[in-house]
Amino acid sequence: MEQIATVILDSTNAILVLMLVSLGLAIIFGLMNVINMAHGEFLMLGCYAVMELTKIGLPFFLALALSPLIVAAIGLIAEELVIRRTYHRLIDTILATWGLALVLRQAMVLIYGPGSYAVPPPNVGSIMLFGGPYPVYRLIVMGVSLGTIIGTFAFFFGTRWGLAARAVIANRDMAACLGINTRRLDRLTFAFGSGLAGLAGAAMAPMISIDPNAGLGWVVPAFLSILVGGLGTVSGPLVGAAGVGGLDSLTAAFSSPVWAQLVVFSAAILVIRVFPNGLVSRRRREA
Amino acid sequence: MMKLASSSILGFAALVFFCLLPAVVPSWVAADFGVYFVYAIFAVSLAFLWGHAGLLSLGHAVYFGIGAYAMSVVTLGMTPGLPDVQSTWIGLLAAVVLSGCTAALVGTFFFGGRRPLKGAFLGIVTLAMAVVIERLAINSPFLGGMNGLMSVPPFVLGLNGDGLEIIDTTVIYYLMLAFLLAVIVLMLHVETSRFGKSLAAVCENELRASTLGHDAARLKIRAFTLSGALAGLAGALFVVQFGFASPSLIGFALSADVLIWVALGGRNHIISAALGAIAVRFLENRLSGAIGAAWPLFLGAFFILSVILFPKGVFGEAIAWIDTFREGRRVRSRPKPPAT
């Protein structure tokens, strides 16, 4: 019972973080038609940002709040320098962001060396939950992720900006004709999406070892999540992330972590093959 | 006189250059080039699939790796039930057949049925598949797990692993150059064949091509198979020189590398992709000594620049430039129309 509770809590944690990563990726993909292969690297930058900020003496939670902003700023610069020059060339966005990923990874190798670092977890202890101790920090991570996801939804469905963004997702040219400044929206979208990845990285930082390759393992699961869930909706990636993250942590818990990735990726490939439009899809005209 | 394509002119120039190269460089440089030519074959396989058939594979190292492992298993005498067979030739055959069949299966899975995978979706799924197969290789005790298979024998001319071993670097150099040349000639022939033209039609507009009676799924599966088999050949030729097959030959890293070579060289021509692979590997070897860890940073930045500024690739732009130059000269030398 106690073990099952821990497994469920850990799975929820993994799912929520993956949701955060996939959401950022899906917003960039949906709004800008940019496939961001460097998304995992923005997550990795979030880890380094939190490490650097706590090193200069900021309290952990302030660092956690500031890191996404730093990563979003880097995203803004990347958008201005690289991404906007590849618009309307979908395959070239894969290539350009692939190069960007290489540059960001190697920049971290040059600055911090290839070795790994650790961020001391904030001293919040653990509480008794379902008859066993559970680290409070993991609960905080879940809360932050959930809060951010709800906040993103509120933003998309409750504000004028969100309305404009959804209009661009639905029909970019028509939205531009109606006077929506798509250029400014693109800039903000990319910054916001990379900020979400940065937040995920910052929140995960005390639980993983930080090295320049920390983001590598995230890109494929995040992309599979949004393809499984389906593009063109904001809820699709969340469903996909729940499936991918849930299956991953359950296989890891009941079988072995070695086979988890195998099982999950194979299952995701099958689902994408059978439902090319994703599980949550809205009928769209063929582009 | 038959008009020669600009890419062939570049190709002939490169061929003359590489034929003469061993005469002027020390033999260890020639040995490096033997490996670069194999990478060039690998790049050709991806350029055909991506540039000519429009199918982006982000996990193409899978087929390279399968070829490398097949060759290693055969020449190390590890073939289940056939420990006496150690022939390099059978290894080559096994590598090509095995990677080709895998590619055929994968291609059928991707392109068969009513709603085939395409574009970016195809890319991401192939990437995920490469990660899966890399995992399988790492967890396979038969294939040596994480360590891979070591001390793979070099290229042996005898029929069953006996006879003359080719270890002289100059001979390997010319042997690999010959393989590369054969592959390029073959692929240029395929591209201009009926199959290649139908494939180009499907790439350009699938709906139109299939309305005109082309079986798009079958064409794409055949292209995928051919490309996979070539990548397998490259893997087999790599491992006889390198002597070592490891899971890193299958997965993410090499798939990313070959993508960069092909995109940097130019994906629209077989020749430019091959030259891209050779040039990037050569510069990497030279510059990583001089600038060390900054090399990937430099490569990444240059790659981004190339995607933005010359999307046809460095050698692709060169071919386009030769085209414009020749076009201009022809226009100038055209006889004036007779005055009326």
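This is a predicted model: local features need pLDDT of at least 70, side-chain atom pairs count only at pLDDT 80 or more; totals for chains, interfaces and linings use all residues.
Residues are numbered from 1 along each chain as its sequence is written, and chains are lettered from A in the order in which they are written. Local features need pLDDT of at least 70, side-chain atom pairs count only at pLDDT 80 or more, and totals for chains, interfaces and linings use all residues.

The contact between the chains (C-beta atoms, placed from the backbone, within 7 Å) takes 33 residues from chain A and 31 residues from chain B. On the chain B side, H5, H10 (252-265) and H12 (294-309) each supply at least two residues; helices are DSSP runs of H or I of at least four residues, numbered from the N terminus. H5(B) gives the largest share of that side, twelve residues.

Helix H11 (residues 257-274) of chain A packs against helix H5 (residues 119-138) of chain B at about 150°, with the axes 9 Å apart. Axes are lines fitted to C-alpha atoms over the stretch in contact, and angles run from 0 to 180 degrees between N-to-C directions. H11(A) and H5(B) are therefore roughly antiparallel (over 145 degrees). Residues of H11(A) in this contact include A:Leu262, A:Phe265 and A:Ile269, and those of H5(B) include B:Val125, B:Met129 and B:Arg135.

Within chain B, the axes of H2 (residues 27-52) and H9 (residues 216-242) come within 8 Å and cross at roughly 170°. H2(B) and H9(B) are therefore also roughly antiparallel. Among the residues in contact are B:Val38 and B:Phe42 of H2(B) and B:Leu230 and B:Phe238 of H9(B).

Note on methods. Angles under 35 degrees count as roughly parallel, over 145 as roughly antiparallel, 65 to 115 as roughly perpendicular and the rest as oblique. Two residues are in contact if their C-beta atoms, placed from the backbone, lie within 7 Å.
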